[in-house]
Amino acid sequence: MISEPLLEVSNLTLDYNLGNRKMRALDRISFSLDKGQVLGVAGESGCGKSTLGLAILRLLPRVAEIRRGAVFFNGTDLLKLSEKQMEQEIRGQKITMIFQVPQNALNPVFKIETQMTDILRVQDKYQNPGTRKPRGDFRQQAIERLESTGIADPEARISNYPFEFSGGMKQRVMIGMALSSGTSLLLADEATTALDVTIEAQINRLITKLAAEYGTSILYVTHNLGVLAEMADRIMIMYAGRIFEMGQTRFVLGDPRHPYSAALLESLPSRQTRGKRLLAIPGFVPPLDRLPSGCSFHPRCAFAEDICRQEVPPLTEVASGHWSACLLDQKRGRQKWKWS
Amino acid sequence: MEVELIRIRNLKTWFFQGKGLLSKWFGQGLKIVHAVDGVSLTIRKGHTFGLVGESGCGKSTLGNTIFRLVEPLEGEILFQGRDVVKMNQKELRRFRQQAQIIFQDQFGCMNPRMTVGQIIAEPLMMRQREPESQKSIEQEVAELLNSVNLDPDAAIKFPNEFSGGQARRIGVARAIALNPMFIMADEPTSGLDISTAATILNLMQDLQDKLDITYLWVSHNLNQVKYMSDDMGVMYLGKMVEMGRTSEVFNHKAHPYTQALISAVPRVSSEQQEQTIFLEGEIPSPINPPSGCYFRTRCPQVFKRCEEEEPPLLDLGGEHFCACHLHDA
């Protein structure tokens, strides 16, 4: 069966204008996400992965300027919608987001009940314009949502304040607010980075389960490649605002075609034994307003040649459904990128 | 022969809540938080001891108690045979020169109004100096910065000018300034990118090889503990539930909690696929721990005896210890 893409980002280019400095945070980003699929986005800090999520929801700060491109969601270009349409139809309705630090996303002075019914009321207001139901009408629905996220005794816990919940439970509340039958796309930005491994496993299982139940697609941003190995159907590796590699999880992680992806995998302690040195990619992610010429990774790349300093590598399909942006791929043939 | 640097015996650190006047007047009961509850362990000199467990299991409290940043209720902490618990202020000061901490919050532990040079020089100026040492403090700071692969120019900059990974290196430079024998690293790579974390791990490994430093590696990242440590201990609710050589613990996980913890670590390589054991619920409150085995409320293999009896730390042979009734046949 060929599934139609739910989200199709094409050629998205975004600048942050800070005084006279212009930083290109996203550079010609194109990808698509099918219904019910999980796309993992990985890369070091400052590579644009969070900006991508915010750009899709159009929650960018004022200094950001979208230069080119389109974000098609169910066939409509989100960048062309009015702010009012975004708010009434998209944000918190069709596309929702969960963040890294749930305690910052919940208001500490309101009960969980108030915050959950708020969301339901707003959703109801836009779905059935003209009616304004009292808060009490949504209490039962809020309890059900809380229950679906696996919180024990939801009827009592819904009257608690956020501080009475642990980090994992707060993230459950966020998921309960974000995921419902109407959600078709969930953006998860480092959703489990702040949690313990056992709780992280619980939360990721919950996200996967609910998403499968509602047929929701997920854009999962993280720097934990292990989490992506278990959750994502496809993976996208980003660096300095560009896509470096994209493809099915087992190919990207099992047979990385870009030296940067290979380096990220080699620097994981899980793959190395005690006493051996880990690979540390030399240098830093360059500041976005002073990107090196040619391939932006060349100053840190162990394999760089003259051509890398001159030409910007295009994202090319190196195998069926597997894309990589490296000029040397052709020349190298099927030899693996071994850093150490 | 292997020398032990630190031996901890039956250490208990409890926190008391509700000792204040209000609770006295209104008759609220005294609550006791059993943060560290009877832990014994040995750290071998020049080796790394990895301490793992979920948040709230007492691993940081245990570390802080070793430095007497919190006072233990009872127990012994022998550092080279001398009991830290019984040290007076002067001895404690000398001990704290030999033992250092690298904190989790790398920016929070540096004064934002001091330059990095001043931050690293501070311990150097505090120490009792040998009169013959002629090196200027500036020179020493430059050498320290060099040894953590930072430019000596960093000395005149302020902490906010550094990235997370660089700030962590400054923390390492300050910790090794006094040539300590022992360093406790509390989540030393939390919040860092994969490749930055790798540089910190490499650096700390190099320093250990060069200076023969002993580490207590507190982390909830099991992959890292497996990579960095020779021995490890798994804590749950203030108690040590499993302890032994790292390779032994990973290859023959004995405690159901360790098994669940290790199985929950997301893995990149597909060949070692292991079924994730999902633990239900969260760590119970250390104020009201369950009866019997503390882990029984979440344990997938719980049986009747677990509720009634607290499992002792059993010797499984080969310096591998585990506190579980399943191994007490």
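In the predicted model, B:L78 has B:D83 of strand 5 of chain B as its bridge partner. Strand 4 (residues 74-79) and strand 5 of chain B are antiparallel and share two bridges. Two strands are taken as paired when DSSP finds at least two bridges between them. Strands (E, at least two residues) and helices (H or I, at least four) are DSSP runs numbered from the N terminus. This pair belongs to an open, antiparallel sheet of four strands in chain B, with the order 2-1-4-5. Strand 2 (31-44) and strand 5 (82-83) of chain B are the edges; each has a single partner strand, so one side of each lacks a neighbour in the sheet. Helix 2 (residues 59-66) of chain B packs on this sheet and touches strand 1 (4-17), strand 2 and strand 4 of chain B. Contact requires heavy atoms within 4.5 Å. The directions of helix 2 and strand 1 of chain B make an angle of about 115°. Axes are lines fitted to C-alpha atoms, for helices over the stretch in contact, with angles from 0 to 180 degrees between N-to-C directions.

Residues are numbered from 1 along each chain as its sequence is written, with chains lettered from A and ligands numbered from 1 in the order in which they are written. As the model is predicted, local features need pLDDT of at least 70 and side-chain atom pairs count only at pLDDT 80 or more, while totals for chains, interfaces and linings use all residues; side-chain values use heavy atoms, leaving out hydrogens and water.

Chain A also holds an open sheet of four strands, with antiparallel pairing and the order 2-1-4-5. Its edges are strand 2 (21-34) and strand 5 (76-77) of chain A; each has a single partner strand, so one side of each is without a neighbour in the sheet. Strand 1 (residues 5-18) and strand 4 (residues 64-73) of chain A run antiparallel, joined by eight bridges. A:T13 stands opposite A:R68 of strand 4.

Parallel pairing occurs between strand 6 (residues 95-98) and strand 7 (residues 185-189) of chain A, over four bridges. A:I95 is bridged to A:L185 in strand 7. From strand 6, A:I95 and A:M97 point one way, A:T96 and A:I98 the other, and all are buried. Buried means under 20% relative accessible area, exposed over 50%, partly exposed in between (1.4 Å probe, protein chains only).

A:T216 lies in the loop between helix 8 (197-214) and strand 8 (217-221) of chain A. Its relative accessibility is 2%, so A:T216 counts as buried. A polar atom of the A:T216 side chain is 3.2 Å from the backbone oxygen of A:T183. Residues touching A:T216 include A:G36, A:L179 and A:L185.

The largest nonpolar core has 102 residues, among which A:F31 and A:L225 touch the most other members. Such a core is a set of buried Ala, Val, Leu, Ile, Met, Phe, Trp, Tyr and Cys residues joined through side-chain atoms within 4.5 Å. Contacts of A:L225 include A:A42, A:I237, B:I194 and B:V268. A second, separate core of 63 residues includes B:I119 and B:V234.

Between the chains, 42 residues of chain A contact 38 residues of chain B. The buried area is about 3,200 Å², with 54% from carbon and sulfur atoms. This is the accessible area (1.4 Å probe) that two parts lose on being put together, summed over both. B:I194, B:Y227 and B:V268 lose the most area in chain B, together 24% of what that side buries.

Methods. Polar contact = N/O pair within 3.5 Å; in protein donor to acceptor, adjacent residues only side chain to side chain. Lists of a residue's contacts leave out its neighbours within four places in sequence.
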